[in-house]
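Hi everyone, thanks for coming. I'd like to walk you through one structure today, so please have a look at it with me.

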Amino acid sequence: MSLLHIRALSSTVYDAAEEQNKPILNGVDLDIEPGEIHMLMGTNGSGKSTLAHVLMGHPHHRVTEGTIQFQGRDLLSMSTDQRARAGMYLAFQYPTAVPGLPVATFLKKATEARRNEEISVRDFQKELRGHMRELEIPKAFLGRSLHEGFSGGEKKRMEVLQMNLLKPELAILDETDSGLDIDALKLLFSNIRENKTDRRSLLIITHYDRILDHITPDHVHIMQAGKIVRSGGVELSRFIHSEGFEAAVR
Amino acid sequence: MNNSQREHLSKINSDYEELYGFKTSSEYMESATRGLSEEVVREISRLKEEPQWMLDFRLQALDTFNRMPDPQWIDPSVFADINYDDLYYYARATEKQFNDWDDVPEHIKETFEKLGVPEAEKKFLAGASAQFESEVVYHHMQEELEKQGVIFMDIDSGLTQHEELFRRYFASLVPPDDNKFAALNSAAWSGGSFIYIPPGVKVDIPLQAYFRINAESMGQFERTLIIADKGASVHYIEGCTAPVYSRESFHTGVIELFAMEGASLRYTTIQNWSNNVLNLVTQRAVAHKDAKVEWMDGNLGARTTMKYPAVSLLGEGARGRVLSIGYASDIQRQDAGAKIIHAAPHTSSSITAKSISHKGGRSSYRGLVKVLPGATDVTANVQCDALLLDDHSRSDTYPTIDVQEQRRVNLAHEATVGKVSDEALFYLMSRGISEEEALFMIVNGFIEEFAKELPMEYAVELNRLIQLEMEGAVG
């Protein structure tokens, strides 16, 4: 059984400027097996981030057609929090700030929700410290408001930190590599690789193949105009790098 | 926000009846009379065995009250339902005041126990006072403070025991003709606190007064006077609740604070009156050289609140701060704000007003920042943030800035009005957090700046008030 099984998925988003629903996804098919690493590439506006948001159940996107099964369950009938508790995770490209919500409080609540049990402050602190050390996140972060005033790199670290705490079966990384300098990129993607078990699949959305230095995908997909138009192995991303998207989908 | 989110929030204060809205026997009301007249005022003064000058003060205030119109700067619907003849202006439930909870009559003690007052006192207060209707029924302060010369007593005792000190300050900041409700209070006042902190004495843990209305149509006219002498510091907290009745009750207080040179004075209110209480309070403070006055004003309850804590910065280096939150739901109207007068150079002030409006509730910020000629090198910051939880609630700001000095005056005013963002909800839910808890976390984050200024136990209580029922839904 696939971990994620998407068939003929189409969606619209409300466009406030034009006061109408705009189609974005247009018949996406995708299968992800347990433990696999998938890379999703494509130009801006091709629908990559929309797919990530639709999978997580963003309220502004409406699925008009198609089916999604996650671990054999009908994903579209599940609320966003249910999806998360079932083991889906989205590392946001632009995480939202929540003023006044301390990072520590948030992380504990999220971890407890995912594990469906209360965790003692002491046990949680111990676990959290370990994860923070790996990602070189200073302790002072815990008292700050969630994502408020965080730099681009700090936000990305916070997203990976949460992934390590929540231990998802499927992690969708929406341009986690963008805006990072070389050292940070190396730190984060080495960490993502090291923490990936056989039970975790990754769907990595990216523009660049520079992350190939740190992580090797099993499958590479190219998205264009709301659907996956070509799939292949790691060689496909190398081809895109040398020849460009246009050549890859011609 | 969708319907289920609205529903979760509509549960805020939904267990008010059970937690605060209970009542106890009000047999003592049999001897009380409705309406305010010269006779009633004379009777109050006689019962309290007041000096002649105070009776004269009251009678003159009564005359002022009778002649004064309602405030004209707010729409008159606010005052439409007030029936002054229907109210009780004075009622006492016990013959005397006690300083041991074991001596307080059982049914009254039970009331305060349910509200957690004796427990709070034991845990984290240096002194506590409990007012039931018009009189303080319980009062106690740590001996240590008494030895240091700290005076903390009900205000009626303040008048009899420290008449000279009392008379020097009483009504000097809020004269009876300041506004109609100050006049009403001045005529009928009873209860409240009298506090004097001697020079250099720092009271590190808070003093608290709890105000409880029990009977229907009751008017509570609290009067509080706090003097922090040179270099002294004190934190005073007031809490307020009442049973739910169909007829209006009144809470009309006059609070005067005096921070002498280098003193530090903080006044915290957690007001959670029932939705039939009109809460019209005049709060005013002066800060002398290098003194600091802070009003922390939490307005969660009452049908109508009108309250604009003021600080006059009279001495060089004085600082003033007003931090308020208001929660207006349904028929509630929170008309709150602040007033800061910079009357000396090198003074600074900050006003932060946060409001949450919900289910048709209405909250307003009404504020004045005034810089008088000669007050150079002044900094003043005003920040108003409104959170609207649906489309039929309302939030308004009425800021007034009056600057009469141009030399190095630094003023900033910022106002935001927003809704709970779908993106923030989505983000939290994408981490497995349920919708209702996510919403609570966002609202709670919005008021964090206020909550973090409260003593821990109060922060927890405030948190609980906002969270009510939501937590149950989450499990």
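Before anything else, one cut-off: a residue is called buried if 20 or more other C-beta atoms lie within 10 Å of its own. Please also keep in mind that this is a predicted model.

With that in hand, let's start with a helix in chain B. How many of the residues of α10(B) are buried? Nine of its nine, so by the cut-off I just gave, the helix is mostly covered. The run goes from B:Lys180 and B:Phe181 through B:Ala182, B:Ala183, B:Leu184, B:Asn185, B:Ser186 and B:Ala187 to B:Ala188, and these residues are buried.

The axes of α4 (residues 52-67) and α10 (residues 180-188) of chain B come within 7 Å, crossing at roughly 150°. That crossing of α4(B) and α10(B) is left-handed. On the α4(B) side the contact is made by B:Phe57, B:Arg58, B:Ala61, B:Leu62, B:Thr64 and B:Phe65, and on the α10(B) side by B:Lys180, B:Ala183, B:Leu184, B:Ser186 and B:Ala187. If you look at the spacing in those lists, here is a reminder: an α-helix has 3.6 residues a turn, so residues three or four places apart point the same way. By class, the contact of α4(B) with α10(B) has seven nonpolar, two polar and two charged residues.

Now, the nonpolar core. The largest one has 204 residues, and those that touch the most other members are A:Tyr89, A:Ile172, B:Ala188, B:Ile195, B:Ala228 and B:Ala259. As for B:Ala259, leaving out residues up to four places away in sequence, its contacts include B:Ala228, B:Leu265, B:Val286, B:His288 and B:Lys292.

On to those two domains of chain B. Their centres, taken over C-alpha atoms, are 26 Å apart. Domain 1 of chain B gives 31 residues to the contact, and domain 2 of chain B gives 39. Which elements give two or more residues to the domain 1 side? They are α1 (3-9), α2 (16-19), α11, α12, α13 and α14 (456-467) of chain B. That side divides into 21 nonpolar, four polar and six charged residues.

Next, the two chains together: 20 residues of chain B are in contact with 23 residues of chain A. On the chain B side, the elements giving two or more residues are α11 (422-429), α12 (435-446) and α13 (448-451). By class, that side has eight nonpolar, six polar and six charged residues.

Last, two backbone spots for you to check. B:Glu133, in the loop between β1 (127-132) and β2 (135-141) of chain B, has a positive phi of about 60° although it is not a glycine. Is B:Glu133 buried or exposed? It counts as buried, because it has 26 C-beta neighbours inside 10 Å. B:Asp377, also not a glycine, has a positive phi of about 55°, and lies in the loop between β19 (362-371) and β20 (378-388) of chain B. With 17 other C-beta atoms within 10 Å, B:Asp377 is partly exposed.

Thanks, everyone!

Methods: Residues numbered from 1 in each chain as written. Chains lettered and ligands numbered in written order. Predicted model: local features only at pLDDT ≥ 70, side-chain atom pairs only at ≥ 80, totals over all residues. Contact = placed C-beta atoms within 7 Å. Helix = DSSP H or I, 4+ residues; strand = E, 2+ residues; numbered from the N terminus. Nonpolar A, V, L, I, M, F, W, Y, C, P; charged D, E, K, R; others polar. Buried ≥ 20, exposed ≤ 12 C-beta atoms within 10 Å, placed from the backbone. Axes fitted to C-alpha atoms, helices over the stretch in contact; angles between N-to-C directions. Left-handed = near helix turned anticlockwise from the far one by under 90°. Domains from an automatic or database assignment. Core = buried A, V, L, I, M, F, W, Y, C linked by C-beta atoms within 7 Å.
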